[in-house]
Amino acid sequence: MQLGFDRLIAAMDALAPDLGMPVIAQTGKGTYAPRNMDAREKIAPAEFEALVADARLIVSHAGIGTVLTAARCGKPILLMPRRADLGEHRNDHQRATVGKLAGRPGIVVAADESELGPRIAEGLALKDWTAVRSATAHKLHTALAAFIEGRAF
């Protein structure tokens with residue numbers, strides 16, 4: 001489990017009451033205590049997989065493991081990168097990651113918390129984006145995710 005991401009958690013907590021659906025957050029070791037969503041420091045891998053499979057949209061930092069899990073489950077994902085200048089990570093590799101992933105099917109990017117609301121609406125509106133993935137891409141995503149998560153594939 002990585003460090004917390006209080007900026008994302010606080011922004012999601014503020015938006016949660018208006019979303020009209022349950023919001024579950026894996027918060028890590030952050031200091032912000034959400035009041036409007038089901039917040040958990042850690043979620044076991046099997047439960048995380050089940051929650052992703054049941055979700056309409058995943059909102060996450062730009063971690064490649066979560067991106068692969070969302071893709072494997074056919075779920076759209078909204079990424080907001082951690083920023084080194086705010087002390088959220090050691091460098092800006094997450095900003096580089098979203099730069100490469102932005103515009104790909106099923107991936108929406110919010111540069112910062114001010115963009116979350118509109119990007120959530122965009123992510124929830126995505127329809128049938130998984131049809132553009134080939135069978136080979138699906139197999140590759142599944143194998144990479146299993147490798148990263150330490151599972152057999």
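Before anything else, a cut-off I will need: a residue is buried under 20% relative accessible area, exposed over 50%, and partly exposed in between. Asp 38 has a relative accessible area of 35%, so I log Asp 38 as partly exposed. A reminder to myself as well: this is a predicted model.

**Entry 1: Asp 38 and its partner**

I looked up the charged pairing of Asp 38 and found a salt bridge with the side chain of Arg 40, at 2.8 Å from N to O. Arg 40 is partly exposed too, at 22% relative accessibility. Side chains of opposite charge can pair when their charged atoms come close.

**Entry 2: Ile 24**

Leaving out residues up to four places away in sequence, Ile 24 touches Asp 38, Arg 40, Ile 43 and Leu 51. Ile 24 is found in strand β1, residues 24–26.

How many salt bridges does a search of the whole structure find? My search returned 9.

I picked out the pair of Lys 29 and Glu 41, whose side chains meet at 3.0 Å, N to O. This pair links distant parts of the chain, with Lys 29 in the loop between β1 and β2 (38–40) and Glu 41 in the loop between β2 and α2 (45–54), 12 residues apart. Lys 29 is exposed at 62% relative accessible area, whereas Glu 41 is partly exposed at 37%.

Then I looked at Arg 72 and Glu 49, which form a salt bridge at 2.6 Å, N to O. Here, too, distant parts of the chain are linked: Arg 72 sits in helix α3 (residues 64–73) and Glu 49 in helix α2, 23 residues apart. Arg 72 has 14% relative accessibility, which is under 20%, so Arg 72 counts as buried. Glu 49 is partly exposed at 24%.

One network also went on my list: Arg 7, Glu 88 and Glu 113 are linked by salt bridges.

**Entry 3: the nonpolar cores**

The largest nonpolar core has 17 residues, and Leu 8, Met 12, Met 37, Leu 78, Leu 116 and Ile 120 have the most contacts inside it. Helices α1 (6–15) and α5 (116–125) each supply at least two residues of this core. The largest share, 4 residues, comes from α1.

I followed up on Ile 120, which touches Met 12, Leu 15, Leu 19, Leu 57, Val 59 and Leu 78, with residues up to four places away in sequence not counted. A second, separate core has 11 residues, including Val 52, Ala 70, Leu 101 and Ile 107.

**Entry 4: the largest pocket**

The space in the largest pocket comes to about 1400 Å³. Of its 46 lining residues, Gln 26, Phe 48, Val 52, Ile 58 and Thr 66 are the closest to the centre. Which element gives the largest share of the lining? That is α2, with 7 residues. Among the elements that each supply at least two lining residues are β1, β3 (58–60) and α6 (135–149). By type, I noted 28 nonpolar, 11 polar and 7 charged residues in the lining.

Note on methods
Residues numbered from 1 in each chain as written. Predicted model: local features only at pLDDT ≥ 70, side-chain atom pairs only at ≥ 80, totals over all residues. Heavy atoms only, no water. Core = buried A, V, L, I, M, F, W, Y, C linked by side-chain atoms within 4.5 Å. Buried < 20%, exposed > 50% of the residue type's maximum accessible area, 1.4 Å probe, protein only. Contact = heavy atoms within 4.5 Å. Salt bridge = Lys/Arg side-chain N within 4 Å of Asp/Glu carboxyl O. 1 Å grid on protein atoms, 1.4 Å probe; cavity = no way out; pocket = protein on both sides within 12 Å on 5 of 7 lines; lining within 4 Å. Points joined across faces, edges and corners; volume = space filled by probe spheres on them. Nonpolar A, V, L, I, M, F, W, Y, C, P; charged D, E, K, R; others polar.
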